[in-house]
Protein chains: 2
Amino acid sequence: MIVGVLGGGQLGRMLALAGYPLGLRFRLLDPSAESPAGHLAELHVGAYDDPDALVRFADGLDVATYEFENVPGEATRILESRLPVFPPSVGLTTAQDRLAEKRLFERLAIPLPAYAAIDSQDDLQNGVRRIGLPAILKTRRLGYDGKGQIVLSAPEDVTTAFEDLGGVPCVLEQRIALRRELSVLAARGRDGATACYPLVQNTHREGILRVSVAPAADVGALQAEAEVYARRLLDALEYVGLLALELFVDDRDGSLLANEIAPRVHNSGHWTIEGAETSQFENHLRAILGLPLGSTAPRGYSAMVNLIGTVPATEDILAIPGAHLHLYGKSPRPGRKLGHVTVTADSARARDELLKKVLSIVGG
Amino acid sequence: MIVGVLGGGQLGRMLALAGYPLGLRFRLLDPSAESPAGHLAELHVGAYDDPDALVRFADGLDVATYEFENVPGEATRILESRLPVFPPSVGLTTAQDRLAEKRLFERLAIPLPAYAAIDSQDDLQNGVRRIGLPAILKTRRLGYDGKGQIVLSAPEDVTTAFEDLGGVPCVLEQRIALRRELSVLAARGRDGATACYPLVQNTHREGILRVSVAPAADVGALQAEAEVYARRLLDALEYVGLLALELFVDDRDGSLLANEIAPRVHNSGHWTIEGAETSQFENHLRAILGLPLGSTAPRGYSAMVNLIGTVPATEDILAIPGAHLHLYGKSPRPGRKLGHVTVTADSARARDELLKKVLSIVGG
């Protein structure tokens with residue numbers, strides 16, 4: 001079986017690493033010949049919207065998937081006419097458009113912060129009047145890692161925000177005080193079976209995920225609630241593969257609010273490589289291949305730290321017992337995710353100690 | 001850093017899979033273009049004793065290692081003149097010659113079954129007189145997986161045994177009644193630091209490893225004893241890398257006897273991928289690269305079942321929670337190791353239940 005992956009970044013790379021033990025082979029398509037996954041799988045270099053490249057890429061594949069959500073519609077159309085492609089394109093089109101995403105949450109009775117569709121400066125003024133400040137204006141499309149958004153704190157921020165984002169279609173979101181940020185990873189097989197991982201607690205810095213802790217502590221009934229929401233999404237989208245649902249915990253009442261979905265394996269799930277019975281990468285592959293989903297039970301207590309912009313001295317990380325290094329083979333650049341470190345331990349306390357050590361090396 | 005591996009079989013494949021997360025790249029040399037590791041690393045196709053192939057292989061490598069012990073002396077000589085090669089060649093030459101191996105055990109005061117060097121039919125008759133029957137006659141070189149050996153049970157077996165093995169230099173070994181077979185995996189870094197994994201209990205069938213259980217139950221003082229022996233070997237050989245020491249437990253008195261060493265990652269260590277903090281593959285790479293060794297602590301209770309000759313229905317294995325499938329991408333052939341399955345659990349009892357399930361699918 002040959003699995004095609006659109007995108008040859010670290011997610012494609014980790015998909016391949018998880019899939020080789022299942023006896024799979026991989027072909028990746030990426031515009032860059034320097035893609036991290038190219039070291040360990042067949043790499044096709046080509047644009048995602050180049051029909052010829054897509055046809056060559058598809059030739060001989062058994063199934064195709066993607067490692068990022070901004071896949072051009074052209075790419076999915078060409079691939080879907082030739083072979084099974086999972087997750088289904090409705091997952092992509094929903095995740096590509098913040099407005100569609102929020103409307104889906106609403107339709108499925110998944111609570112979310114107040115929002116408004118913004119197509120003009122007038123819309124923005126009306127929206128702010130209804131939702132209040134602080135709020136966040138986000139482009140409907142192509143935002144990631146904190147890019148394509150502006151925080152509106154004071155009335156004067158409102159004047160230029162829409163223009164500053166290029167006058168493109170946006171959504172305005174209520175900015176709620178967060179007690180914490182969580183995510184839930186869930187998979188759905190071709191047969192409709194689903195499996196959810198324990199909730200993960202995430203810490204961001206400058207819009208980029210910095211630390212994930214799993215299982216998130218003291219979640220109580222939130223675990224069951226998050227799973228209900230994740231399963232509603234999976235079923236509504238007739239989803240096949242792994243999906244991440246990012247959640248806020250509202251500081252006022254501790255309730256869950258949906259932030260966004262990612263129709264793919266997700267950075268907040270990297271801990272599952274060592275920290276769960278089956279990694280998110282393996283479960284994504286199992287799902288799209290029609291194989292039984294693997295156990296999502298945690299193995300001890302885990303934390304993941306992203307290595308962003310620079311890689312610390314490798315030997316310092318490796319000297320920490322219980323620390324697992326994952327480098328992506330990328331050249332350093334500010335803000336770039338170059339790797340991650342996962343620590344696992346038998347208790348939350350021991351995990352926290354290890355996390356502290358890693359952060360002291362990585363730079364807290 | 002580019003690591004060269006002589007041999008592109010499953011061990012080379014799993015070395016590469018363990019090394020990619022460390023940011024390493026791999027190049028493998030194998031006579032067969034169909035090598036399992038060729039799917040996921042740069043593969044050079046060439047004979048191990050072809051100087052031109054070896055020189056091309058060595059070009060640009062940072063370090064070289066091997067995945068099997070019958071490496072031609074020519075290969076190590078050519079590689080060692082160009083770059084660091086680990087484990088050191090004395091590990092190879094010792095493991096390639098059963099007599100040298102036994103003499104090393106003796107020199108290091110590591111107990112072993114009685115033996116005799118056999119270079120003629122006369123030697124064999126004298127040896128049998130001294131050691132008694134049952135005994136096993138083994139070729140000094142090129143034996144593996146039960147090949148190149150004959151069990152001598154009755155006096156009439158002695159008559160043709162030497163001839164049947166081709167009249168090549170042999171060793172005669174006392175055949176002791178075994179309570180069980182164990183192995184210990186140990187690593188030594190470039191700085192001389194050592195680390196030992198828990199003892200593994202192994203079951204063979206027709207000379208081929210079938211099941212490994214780790215940690216081996218009820219080993220008591222044998223763990224410390226095995227570690228002493230392993231460290232004596234590592235230090236005496238000024239070893240760098242992972243070494244496996246196969247041990248017998250004598251049924252008469254429960255004492256440990258050395259069987260043989262393998263100067264490489266070993267089938268009885270595959271459980272470490274999921275069952276230990278750091279896999280044998282990663283620790284071998286850490287050792288040869290001069291990086292700190294990783295923790296060898298077990299993660300729960302593990303068992304590994306080899307898939308020999310045929311692969312059962314993949315979905316049946318994957319449906320067992322806690323079962324981890326590892327296929328090597330090889331075409332089926334009787335007696336060929338095609339993959340393995342590892343189960344992990346929080347208790348020995350739960351592990352044994354999972355092992356039973358796997359064996360019922362694989363064919364007990």
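**Briefing: chain A, with notes on chain B**

Ala109(B) is exposed, because its relative accessible area of 54% is above the 50% cut-off for that class. This residue belongs to a predicted model.

**Ala109 in chains A and B**

- Ala109(B) lies in a loop of chain B, with helix H5 (98-107) on one side and strand E5 (115-118) on the other.
- Although Ala109(B) is not a glycine, its phi is positive, at about 55°.
- In chain A, Ala109(A) sits in the loop that runs between helix H5 (98-107) and strand E5 (115-118).
- Phi of Ala109(A) is also positive, near 55°, and this residue is not a glycine either.
- Ala109(A) has a relative accessible area of 53%, so it counts as exposed.

**Cis peptide bonds**

- Phe86(A) and Pro87(A) are joined by a cis peptide bond with omega near -10°.
- Pro87(A) belongs to the loop between helix H3 (73-80) and helix H4 (89-95) of chain A.
- In chain B, the peptide bond between Ala214(B) and Pro215(B) is cis, with omega about -10°.
- Pro215(B) is placed in the loop between strand E12 (208-214) and helix H8 (222-236) of chain B.

**A buried asparagine**

- Asn283(A) is part of helix H10 of chain A, which covers residues 280-288.
- The relative accessibility of Asn283(A) is 0%, so this residue counts as buried, the limit being under 20%.
- Its side chain comes to 2.7 Å from the backbone nitrogen of Gly294(A).
- Apart from neighbours within four places in sequence, the residues in contact with Asn283(A) include Tyr197(A), Thr278(A) and Leu293(A).
- Gly294(A), Ser295(A) and Thr296(A) are also among the contacts of Asn283(A).

**Chain A as a whole**

- Chain A contains 12 helices and 17 strands.
- A compact globule of 364 residues would have a radius of gyration near 21 Å, and the 20 Å of chain A agrees with this.
- Along the principal axes, the C-alpha atoms of chain A occupy a box of roughly 55 × 50 × 40 Å.
- Buried residues make up 58% of the 364 in chain A.
- Of the contacts in chain A between residues at least 6 apart in sequence, 62% link residues at least 24 apart.
- Chain A has an accessible surface of about 13800 Å², and carbon and sulfur atoms account for 48% of that area.
- There are 37 positive and 45 negative side chains in chain A, with the centres of the two sets 2 Å apart.

Key
Residues are numbered from 1 along each chain as its sequence is written. Chains are lettered from A and ligands numbered from 1 in the order in which they are written. This is a predicted model: local features need pLDDT of at least 70, side-chain atom pairs count only at pLDDT 80 or more; totals for chains, interfaces and linings use all residues. Side-chain values use heavy atoms; hydrogens and water are left out. Helices (H or I, at least four residues) and strands (E, at least two) are DSSP runs, numbered from the N terminus. The radius of gyration is taken over C-alpha atoms; the globule rule is 2.2 Å times the number of residues to the power 0.38. Buried means under 20% relative accessible area, exposed over 50%, partly exposed in between (1.4 Å probe, protein chains only). Contact means heavy atoms within 4.5 Å. Accessible areas come from the Shrake-Rupley method with a 1.4 Å probe; for residues, only the protein chains shown count as cover. Lys and Arg count as positive and Asp and Glu as negative; His and the chain ends are not counted. The place of a charge is taken as NZ of Lys, CZ of Arg, CG of Asp or CD of Glu. A polar contact is a pair of N or O atoms within 3.5 Å; within protein, one must be able to donate a hydrogen and the other to accept it, and residues adjacent in sequence count only if both atoms are side-chain atoms.
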